[in-house]
Each structure stands twice: as structure tokens, then as C-alpha cells.
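Here's a quick briefing to go with the model you're about to look at.

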Amino acid sequence: MSNNKLKFDEEELQILRDFERGEFESIKNFQNEKKQLEEAAGNTFSRDKRINIRISSRDLTRIQKKAAKDGIPYQTLISSTLHKFITGKLKEMA
């Protein structure tokens, strides 16, 4: 492994070890792959529709408090939660 003065966390050290063992391969058609991934990322986060919903004031207050605690706008929290739900990434707690 390289002898340098940089401090790495465990994940970074594992990446460095894997790289030095030659476990990474160049991506064929890198520019094309990059363009496709950038386009997909852009489409994932584009917000092109507006909706209106009715929820209880109690729920809205709790959402706003949670969003403030997380340092994000409450609409972003709602949108993110809905996205996680529809993509199956939101886990139900028992």
C-alpha cells in the first residue's frame, strides 16, 4: 500500500486496497455511460408536478418539526418520504 501522510477512514482504506490489488476495471465507453447516468440522476430528482393534499394540522406540525430538526424544508421531507415509499426503500416499523 502507498506510504503517504493522508488519513483514511476504513472504507477509504478498503477502496485503496482493492485498487492496488487491481480489482477495478475501466468502464468501456465511459463518456456514454457517464452521460446516461447523469441523465438518469437528473430525471430522478426533477420535480415537474405540483400536488395539493389535505392532512391533519397535527401531522403537518410534526412533519415541519422533523424537517427543521433535519435541516431541510418540510416539502422536501414529504417528497423524499413519498419517493422512498414508492421505490420500496421505506421500511415499515413494527
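Accessible areas here come from the Shrake-Rupley method with a 1.4 Å probe, and for residues only the protein chains shown count as cover. By that method, the protein chain exposes about 9400 Å², and carbon and sulfur atoms supply 53% of it. Keep in mind that this is a predicted model: local features need pLDDT of at least 70, side-chain atom pairs count only at pLDDT 80 or more, and totals for chains, interfaces and linings use all residues. Residues are numbered from 1 along each chain as its sequence is written, and side-chain values use heavy atoms, with hydrogens and water left out.

**Overall build**

- You'll find four helices and zero strands in the protein chain (DSSP runs numbered from the N terminus: helices are H or I with at least four residues, strands are E with at least two).
- The radius of gyration (taken over C-alpha atoms) is 21 Å, well over the 12 Å that the globule rule gives for 94 residues, so the protein chain is more spread out than a compact globule. That rule is 2.2 Å times the number of residues to the power 0.38.
- Along its principal axes, the C-alpha trace spans about 60 × 35 × 30 Å.

- L16 sits in helix α1 (residues 10-20), and L16 is buried, with a relative accessible area of 18%.
- L16 and L37 are 21 residues apart in sequence and 24 Å apart in space, C-alpha to C-alpha.

**An aromatic pair**

- The count comes to one aromatic pair (rings of Phe, Tyr and Trp, its six-membered ring, pair if their centres lie within 6.5 Å; planes under 30 degrees apart are stacked, over 60 edge-to-face, the rest tilted).
- The rings of F19 and F24 have centres 6.4 Å apart and planes at 40°, so this pair is tilted.
- F19 is exposed at 55% relative accessible area, while F24 is partly exposed at 46%.

**The largest pocket**

- The largest pocket has a volume of about 920 Å³ (a pocket is an open set of points on a 1 Å grid, where a 1.4 Å probe fits, with protein on both sides within 12 Å along at least five of seven lines; lining residues have an atom within 4 Å of a point).
- Of its 23 lining residues, the closest to the centre are R47, I51, Q75, I78 and S79.
- Helix α4 gives the most to that lining, with ten residues.

Definitions and conventions. Grid points are joined across faces, edges and corners, and a volume is the space filled by probe spheres set on the points. Buried means under 20% relative accessible area, exposed over 50%, partly exposed in between (1.4 Å probe, protein chains only).
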